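This report describes selected features of one protein model. Please examine the sequence and structure shown here before reading the sections that follow.

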Amino acid sequence: MNSVVDETSRQSRGKGAGQLSVHTGRTLMLRDLVTVLDSGVAVAGSSGMRRAVVEGNVLGKPTVRTRMASWTYLNRLYGLSDTSAVMSAFLYLWQAVPEARPQLALLRTLERDFLLRLSAPWIMTQLVGQAVTAPALATELMRLNVTYSEKTLASISSNLLSSWTQAGWLAGLNPKRRVAVQWQPGAAAWLLYTAYGQGQRGAGLYDTPLAHLLGLDAEQQDALAFAASQERLLSYKRLADVVEITFPGWDARSSGDPA
């Protein structure tokens with residue numbers, strides 16, 4: 001199978017950023033995202049971030065072409081040009097709870113990268129301590145009718161395993177192994193906020209496709225929501241079986257700004 005067939009396969013999966021995958025050539029790019037957002041340019045919006053990457057070469061890339069490619073991939077992964085309240089919340093939490101950054105990056109990317117999303121159920125079924133390999137993941141992707149050349153599929157699988165390692169679900173080099181994940185309240189707060197923005201309320205905030213995908217049950221999310229309230233990231237009230245979770249000031253927040 002050649003690259004033309006690869007491209008046809010990619011396009012056949014749908015239109016729009018939600019059906020593209022950076023993992024044909026890159027990973028989660030967590031280190032690059034940290035460099036860009038820690039450079040303080042997020043306050044200047046997407047144009048400022050783009051200038052920092054392409055003109056300022058904040059990532060230290062050797063050519064203009066690679067700088068532009070890095071910006072394109074980062075923007076595709078994280079929607080850095082997005083001016084919605086969800087993106088503002090992401091940037092706020094990124095600065096407010098640094099320990100949650102890997103999980104925030106994963107959550108944001110799972111919404112936007114279909115190959116990462118396809119790999120999630122397989123990753124979740126791996127037992128803690130179990131070795132996970134790129135050939136095994138490639139086999140799973142083929143089972144899911146992901147049709148790329150053998151070489152490209154091997155590269156995609158390696159990139160996906162690297163992304164899950166950056167996010168904290170895997171550890172080690174060769175082989176990588178599944179590790180236990182300790183969810184961060186800050187990451188859970190963003191997950192709940194995205195559900196809130198979609199109209200969910202109360203316990204309905206715990207019933208989302210992304211939470212199901214990652215094996216986060218309602219009890220876990222409730223405990224994380226309470227923990228997030230203790231960190232003053234959100235408001236949590238419970239009376240018997242009725243829970244109320246709100247996000248005071250979040251709509252007015254922008255990157256790094258207080259509520």
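Are Y193 and W250 buried or exposed? In this predicted model, Y193 is buried, and W250 is buried as well.

## Aromatic cluster

Across the whole structure, a search finds 11 aromatic pairs. In one of them, the ring centres of Y193 and F247 lie 5.2 Å apart and the ring planes meet at 70 degrees, so this pair is edge-to-face. The pair joins distant parts of the chain, since Y193 belongs to helix α10 (residues 185-197) and F247 to the segment after β5, 54 residues apart. Both of these residues are buried.

Y193 also pairs with W250: the ring centres are 4.7 Å apart and the planes stand at 45 degrees, so the pair is tilted. This pair too links distant parts of the chain, with Y193 in helix α10 and W250 in the segment after β5, 57 residues apart. One aromatic cluster is formed by Y92, Y193, Y196, F247 and W250. Over the face of Y196 lies R201, at 3.6 Å from the ring centre.

Helix α9 comprises 18 residues (residues 150-167). At 1.5 Å a residue, the helix should span 26 Å, and its end C-alpha atoms are 26 Å apart, which agrees. Its buried residues are L153, I156, S157, N159, L160, L161, S163, W164 and A167. The elements covering them include the helices α6 (101-110), α7 (114-125) and α8 (134-143), together with the strands β1 (131-132), β2 (170-171) and β3 (176-178). Just after α9, G168 adopts a positive phi of about 105 degrees.

G25 is located in the loop between α1 (3-12) and α2 (30-38). This glycine is partly exposed, with a relative accessible area of 42%. The C-alpha atoms of G25 and T152 are 8.8 Å apart in space, although the two residues are 127 residues apart in sequence.

## Strand pairing

An open sheet of 3 strands runs in the order β1-β3-β2, with antiparallel pairing. β1 and β2 are at the edges and each has a single partner strand, so one side of each lacks a neighbour in the sheet. The antiparallel pairing of β1 with β3 extends over 2 bridges, and V132 is opposite K176 in β3.

Strands β4 (residues 235-239) and β5 (residues 242-246) pair in the antiparallel sense over 5 bridges. Within this pairing, Y236 faces I245 in β5. The two strands form a hairpin with 2 residues between them, and A240 in the turn has a positive phi of about 55 degrees.

Notes:
Residues are numbered from 1 along each chain as its sequence is written. This is a predicted model: local features need pLDDT of at least 70, side-chain atom pairs count only at pLDDT 80 or more; totals for chains, interfaces and linings use all residues. Side-chain values use heavy atoms; hydrogens and water are left out. Two strands pair if DSSP finds at least two bridges between them. Helices (H or I, at least four residues) and strands (E, at least two) are DSSP runs, numbered from the N terminus. Buried means under 20% relative accessible area, exposed over 50%, partly exposed in between (1.4 Å probe, protein chains only). The expected span of a helix is 1.5 Å times one less than its number of residues. Contact means heavy atoms within 4.5 Å. Rings of Phe, Tyr and Trp (its six-membered ring) pair if their centres lie within 6.5 Å; planes under 30 degrees apart count as stacked, over 60 as edge-to-face and the rest as tilted. A charge sits over a ring if NZ of Lys or CZ of Arg is within 6 Å of the ring centre and within 35 degrees of the ring normal.
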